[in-house]
Amino acid sequence: MNTIKPLKSASSLLMLLLVLAGCSVAPTYQKAEVTTPAAYKEVQASSNLSNWKEAQPAEEVARGDWWKIFADDSLNEMEVQAMAANQNLKAAAARLKQSRALRQDARAGLFPQVNAGLGANRGRAAPASQGLPDNTRMPTSTTYNAQLGASYELDLFGRVASSIDAATVDTQKTEALFQSVQLALQADVAQAYFLLRELDAEQALYAATVELRSKTLKLVQTRFNEGDISELDLARAKAELATAQSESLGLARTRAVAEHALAVLLGKTPAEFNFSPRPLSRIALNIPAGLPSDLLERRPDIAAAERSMAAANARIGVARSAFFPRLDITGSAGYASASLGDLLNWSSRTFLLGPLLSMPLFDGGRRQASVDRAGAVYEEDVANYRQTVLNAFREVEDNLADLRILRDQTQAQDNAVQAAERAAKLSHVQYREGSVSYLNVIDADRTVLQQQRIAAQLDGARARSAVSLIRAIGGGWDARNSAPVVLTTPSATDPKLALQQPTKSN
């Protein structure tokens, strides 16, 4: 009977420990609530809202080659090059590998740790430790050891499980951040590409202007030689030509810097990259922004912020588990001998096996401080998540407003270009007839060039805003819900719409 009672007690203790091993002190994770409007402010009230649904994680859904909507082979090729060679993207991929390795490191806590050791110890015991007089001469001895050890932590209150959960969601967060870096790179390449083409369009305008003013100068020189005009008109014509040449060179400097920036995005040195001039044609895209609820699914930075909350929640469980007992089971088996030759004899075998239950009693508030800190980190991540969502909504609204206003502004600018060209044409006619001075012609020509440059810049701004909107909504979209893409050819910004050159009067 006396033997049975200890066995029952041990069995009961074992069962209790097994039950505790399934417990967790981590709080139940709940995603923070955010206010989601039914529709974007910039979207027309007639938008179809029948497909509204609660946001669900969609980070595993590929965003696709969204840049192909621009139907530009050069842009397609550059995007592929950037994905393969950009160093920032490679660094993000390396961070993802690190996160996955840390997750594997956390999962190692689920398994026993086994190690082997081989060593020798030489020492001499103190006489007093053996109950001998102080002047007793103690012999020096050598002990050889060969051991195999194992240890395992029984996860009583979910410390290991919470650590694994935290590492897992950290990995998911890093995956979302990688997607964010990739999306940002794709958008940066597209925007740099369209900026370069916008500058090419402006340079084409200046090239036509320089050519035109060179011809005008020859004509004015001829009229001066014939005595039809004063030297003042000749000086003004020379000044206008030189001004156009100077401004063209300044634009070339800006273009060179933009080309170098694009080269770096593609993972190349500026010396390895050369982009042939290609003036930008007007691009008009009808991009469906989708529903605000979709944004929580699509934006990788929102997914990263949400996963950061989940990781912080799991780490609260890790901090709380420090208040509870920890059970480590350790054991070792091997050989120990005073003679190296007898080390592997059966009689030299040793073993050690036993559990160690440690219970924290007093630490001056260190464990509570860890719990408080973990809770504060979670609160910070909640605030960051909500702020990320707010910023995402703002970015979408900003770009929707940009495209709407730019569309109207472009139309107004086209009217301004046409009016300026008409005024320039009339000024040339009046100059030939002698009713106005050459200064009127100069002012009219300057106005035409200025208005044409603004029109070209607006075309570039519309292309870049379209890219920004695609980035703001998280990449590509469902082709079934997208409106047709409309590509229009250049109008007022066409370099062929040159200034009217003055002709020699009869």
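**View 1. Thr140 lies in the loop between E1 and strand E2 (residues 141-154).** The model shown here and in the views below is predicted. Thr140 has a relative accessible area of 40% and is therefore partly exposed. Its C-alpha lies 5.6 Å from that of Gly123, although Thr140 and Gly123 are 17 residues apart in sequence. Leaving out residues up to four places away in sequence, Thr140 touches Arg122, Gly123 and Arg124.

**View 2. Four strands form an open sheet in the order E1-E2-E4-E5, with antiparallel pairing.** The edges are taken by strand E1 (113-123) and strand E5 (349-358); each has a single partner strand, so one side of each has no neighbour in the sheet. On average, neighbouring strands of this sheet are turned by 20° against each other, direction ignored.

**View 3. Strand E4 pairs with E2 and with E5.** E2 and E4 run antiparallel and are joined by 11 bridges. Within this pairing, Ala150 has Gly331 in E4 as its bridge partner. The pairing of strand E4 (residues 326-337) with E5 is also antiparallel, and it extends over 10 bridges. Two bridges to E5 can be picked out here: Ser332 is partnered by Leu352, and Ala333 by Phe351. In a regular strand the side chains alternate between the two faces of the sheet.

**View 4. Helix H8 spans residues 366-433.** H8 has 68 residues, and the distance from its first C-alpha to its last is 94 Å. This is close to the 100 Å expected at 1.5 Å a residue. Just after H8 comes Gly434, with a positive phi of about 80°. In an α-helix, residues three or four places apart point the same way, because there are 3.6 residues a turn.

**View 5. Tyr40 and Phe393 form an edge-to-face aromatic pair.** The count of aromatic pairs in the model comes to six. In the pair of Tyr40 and Phe393, the ring centres are 6.5 Å apart and the planes are at 70°. Tyr40 belongs to the loop between helix H1 (4-21) and helix H2 (73-85) and Phe393 to helix H8, so the pair ties together parts that are 353 residues apart in sequence. Both Tyr40 and Phe393 are buried.

**View 6. Tyr193 and Phe275 belong to an aromatic cluster.** The ring centres of Tyr193 and Phe275 are 5.7 Å apart and the planes stand at 80°, so this pair is edge-to-face. The pair links distant parts of the chain, with Tyr193 in helix H4 (residues 159-225) and Phe275 in the loop between helix H5 (231-265) and strand E3 (283-284), 82 residues apart. Tyr193 counts as buried because its relative accessibility is 0%. Phe275 also counts as buried, at 8% relative accessibility. The cluster consists of Phe70, Tyr193, Phe194 and Phe275.

**View 7. The largest nonpolar core has 66 residues.** The residues with the most contacts inside this core are Trp66, Phe70, Met78, Val189, Phe194, Leu262 and Val396. Two or more residues each come from H2, helix H3 (87-107), H4, H5, helix H6 (292-298), helix H7 (300-321), H8 and helix H9 (438-472). H4 gives the most, with 14 residues. Phe194 is in contact with Phe70, Leu75, Leu280, Ile283, Ala463, Arg464 and Val467, leaving aside neighbours within four places in sequence. In soluble globular proteins, nonpolar side chains tend to be buried together.

**View 8. Leu439 is located in helix H9.** Leu439 is partly exposed, because its relative accessible area is 36%. The C-alpha atoms of Leu439 and Ala237 are separated by 9.4 Å, while the two residues are 202 residues apart along the chain.

**View 9. Ala71 has a positive phi, near 50°, in a residue other than glycine.** Ala71 is found in the loop between H1 and H2. With a relative accessible area of 56%, Ala71 is exposed.

Methods: Residues are numbered from 1 along each chain as its sequence is written. Side-chain values use heavy atoms; hydrogens and water are left out. The expected span of a helix is 1.5 Å times one less than its number of residues. Rings of Phe, Tyr and Trp (its six-membered ring) pair if their centres lie within 6.5 Å; planes under 30 degrees apart count as stacked, over 60 as edge-to-face and the rest as tilted. Buried means under 20% relative accessible area, exposed over 50%, partly exposed in between (1.4 Å probe, protein chains only). Two strands pair if DSSP finds at least two bridges between them. Axes are lines fitted to C-alpha atoms, for helices over the stretch in contact, and angles run from 0 to 180 degrees between N-to-C directions. A nonpolar core is a set of buried Ala, Val, Leu, Ile, Met, Phe, Trp, Tyr and Cys residues joined through side-chain atoms within 4.5 Å. Contact means heavy atoms within 4.5 Å.
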